[in-house]
Amino acid sequence: MTTSSTVRDPLRAEAAGLARACHPGPAIAVTVVLTAYGVSAGLSPVRVVLIAATLLAGQLSIGWSNDLIDAARDRSVGRTDKPLATGELSTTTTRLACVLAVLATVVLSLRCGLVAGLLHLGCVAAGWAYNLGLKATLFSWLPYAIAFGGYPIVVTLAEPGAGPPPWFVPAAGALLGVGAHLVNVLPDLADDEATGVRGLPHRLGYRRASLLAVANLAAATVLLVFGVANAVPGAVLAVVLATVAVLVGLTLVARGRMPFRAAIGIALVDVLLLVLAG
């Protein structure tokens, strides 16, 4: 006789596996940051909730599709952090979750308005294109530039009657996206190389990819500081620029993991400035 607890245990395991396979860190970070940007940009409460749900659905579809596409590759390099690769999560369950996330993404995107909705679907499609093969090419950075540059426009256009954000916001977003791509790939360079994935950071190598990541993130900082200069006290901006200058300097003289950590620090500064730019 099957008890309710024995039924729940597999369900809990599958739910936990799905949560890990959706790339929860990036999914939550993108959703929270852009929702906060929407609040600062003056979206109504209803639109804030709608844009948060839309962004999350899109991120879930990208995350699950990534693990589905990479399952065999992840098994070959012994990725114990991937539930599909370890067998903790079934392919059928993940496919179903991914299909539902795609359907939710389409419906919610179009609820944001035709222009905002189609643009968001284009950003999500860029993420899928990365998963489906661009990640292994010289243009691995392009989906990130498109998506991160497009997301702020999606957020502001989701409010009826609103226009796009100032030009420097999507420009800085694109730079931030490229920097995020480089930073995100750095810890996995060896595993990726072992399975034939050779995107831009793999071709550059750890050191040069770290420097390029920091250069992109620093450029995003300069653009955002320029954009928020009239809304943020000069002393605050001076501290921001000094902090970023120190982090950039560290990447030029440090070795090992320090350039990676410095890039993360600059990215956090950029995220704060992006929210302030709303």
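User: Where does V106 lie, and is V106 buried or exposed, or something in between?

Analyst: Helices here are DSSP runs of H or I with at least four residues, and strands are E runs of at least two, numbered from the N terminus. V106 lies in helix 6. For accessibility, buried means under 20% relative accessible area, exposed means over 50%, and partly exposed is in between, with a 1.4 Å probe and protein chains only. V106 has 34% relative accessibility, so V106 counts as partly exposed. Keep in mind that this is a predicted model, where local features need pLDDT of at least 70, side-chain atom pairs count only at pLDDT 80 or more, and totals for chains, interfaces and linings use all residues. Residues are numbered from 1 along each chain as its sequence is written, and side-chain values use heavy atoms, with hydrogens and water left out.

User: How many salt bridges does the structure hold?

Analyst: The criterion is a side-chain nitrogen of Lys or Arg within 4 Å of a carboxyl oxygen of Asp or Glu. The structure holds five. One of them pairs D70 with R73 at 2.5 Å, N to O, and another pairs D70 with K135 at 2.6 Å. D70 lies in the loop between helix 3 and helix 4 (71-76) and K135 in the loop between helix 7 and helix 8, so this pair ties together parts that are 65 residues apart in sequence. Both D70 and K135 are buried, while R73, at 27% relative accessibility, counts as partly exposed. There is also D81 with R79, at 2.9 Å. Shared partners join D70, R73 and K135 into one network.

User: What is S140 in contact with?

Analyst: Contact means heavy atoms within 4.5 Å. Leaving aside neighbours within four places in sequence, S140 touches Y130, L134, K135, H181, G199, L200 and P201. S140 sits in the loop between helix 7 and helix 8 (142-157), and its relative accessible area is 0%, so S140 is buried. A polar atom of the S140 side chain also lies 2.9 Å from the backbone nitrogen of L200.

User: Which residues touch the most other members in the largest nonpolar core?

Analyst: A core is a set of buried Ala, Val, Leu, Ile, Met, Phe, Trp, Tyr and Cys residues joined through side-chain atoms within 4.5 Å. Of the 50 residues in the largest one, I51, Y151, V155, L217, L224 and L273 touch the most other members. Helix 12 gives the largest share, nine residues. As for L224, its contacts beyond four places in sequence are F168, A172, D270, L273, L274 and A277. A second, separate core has eleven residues, including L18, A21, W64 and L89.

Terms used. Polar contact = N/O pair within 3.5 Å; in protein donor to acceptor, adjacent residues only side chain to side chain.
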